Amino acid sequence: MGFADTHAHLLPFWDDGADSWETALAMLDMAEQDGIDTVVCTPHILTPRELLQEDVLWARYEELVERAQRKNLHLTIHMGAELFVNPDLDLSHKIATLAQNGRYYLVEFPMGMMPEFVASGFLKKNQAGHRTPVLAHPERYIRVIQNPQEAYTYVERGALLQINAGSLLGVFGSTIKEVAFQLVRARLVHVVASDAHDLKARPLVLSRAFEVVAAEIGQEKAGHLFSENPRRIFRGENIIKEHPKPVVAATKRSFWQRITTNLK
Ligand SMILES: [Fe+2]
């Protein structure tokens, strides 16, 4: 089974992802060797104004595809974006939905505090628009760290949850790792992605995270999160979902203890 990745900062000269064409191609090479056969470029889009520059990004995406072919890389490379939450997002833009499927788009909420009305207003608007937000790395948001059950309310309001492979491996600290596993056990995770930025700290690899998730929920269900669901998202099809269970907190440490562990 090959893996498919729904979140990667591959395009150079735009955000804090690949810093050169060489890095971008080396990231793709690493991905291919890790068993990933499909990826999507998801440059950060922080404001509706940035979406207006989609032609620049699209040209860069086409150049990446061309350079990858010249390097004899065989992955399928899609185009998309990671959109910072904003009620004025215009999702009709070509790069707004993943692989231009017109349905699923990757969105991130702020890592820090966010008023409840921002999330609820945003999710309500999307229910009305029949589009499905794929929420990037909820396990890293303070609201979710503080109360993992919060993730359940996002799912209840129509979002899919994408957690980072690195979170499951402890790259962002033990608290985030713990929250990520709580969400996996509660069947609240729909996709695991690399959120790759470079070759070392945040690489484009999924196989190690797949192993730890398979040990937790079995190969078949892990396959849904690392392969089948990402492919269905790219095609704009319904994904495989399970009924969520209550999130069981495995820690008795206080919120502040958990936050400070995280900063170490
Ligand atoms: Fe990202």
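This is a predicted model: local features need pLDDT of at least 70, side-chain atom pairs count only at pLDDT 80 or more; totals for chains, interfaces and linings use all residues.
The site of the iron ion is irregular, with angles of 77 to 165° among its 4 donor atoms. Residues are numbered from 1 along each chain as its sequence is written, and side-chain values use heavy atoms, with hydrogens and water left out.

The protein donors of the iron ion are His7 (NE2), His9 (NE2), Glu82 (OE) and Asp195 (OD), and they lie 2.1 to 2.3 Å from the ion. Donors are N, O and S atoms within 2.8 Å of the metal (3.2 Å for Na, K and Ca); water is not among the atoms, so sites may look incomplete. Along the chain the donors have the spacing H-x1-H-x72-E-x112-D.

Two loop residues have backbone angles to check. Phe13, in the loop between β1 (3–5) and α1, has a phi near 65°, a positive value in a residue other than glycine. Ala99, in the loop between β5 (82–84) and β6 (104–108), also has a positive phi, near 55°. Helices (H or I, at least four residues) and strands (E, at least two) are DSSP runs, numbered from the N terminus.

The helix pairs come next. Helix α1 (residues 21–33) and helix α3 (residues 54–70) cross at roughly 60°, and their axes come within 11 Å. Axes are lines fitted to C-alpha atoms, for helices over the stretch in contact, and angles run from 0 to 180 degrees between N-to-C directions. α1 and α3 are therefore oblique to each other; angles under 35 degrees count as roughly parallel, over 145 as roughly antiparallel, 65 to 115 as roughly perpendicular and the rest as oblique. From α1, Trp21, Ala24, Leu25 and Leu28 make the contact with Arg60, Glu63, Leu64, Arg67 and Ala68 of α3, where contact means heavy atoms within 4.5 Å.

Helix α8 (residues 174–185) packs against helix α9 (residues 207–217) at an angle of about 45°, with the axes 10 Å apart. That angle makes α8 oblique to α9. Phe181, Val184 and Arg185 of α8 form the contact with Val212, Val213, Glu216 and Ile217 of α9.

α9 also meets helix α10 (residues 219–235), where the axes come within 7 Å and cross at roughly 135°. α9 and α10 are therefore oblique to each other. In this pair, Ala209, Phe210, Val213, Ala214 and Ile217 in α9 meet Gln219, Lys221, Ala222, Gly223, Leu225 and Phe226 in α10.

Technical notes: Four donors count as tetrahedral if all angles lie between 85 and 135 degrees; four count as square planar and six as octahedral if opposite donors are over 155 degrees apart and all others between 65 and 115; anything else is irregular.
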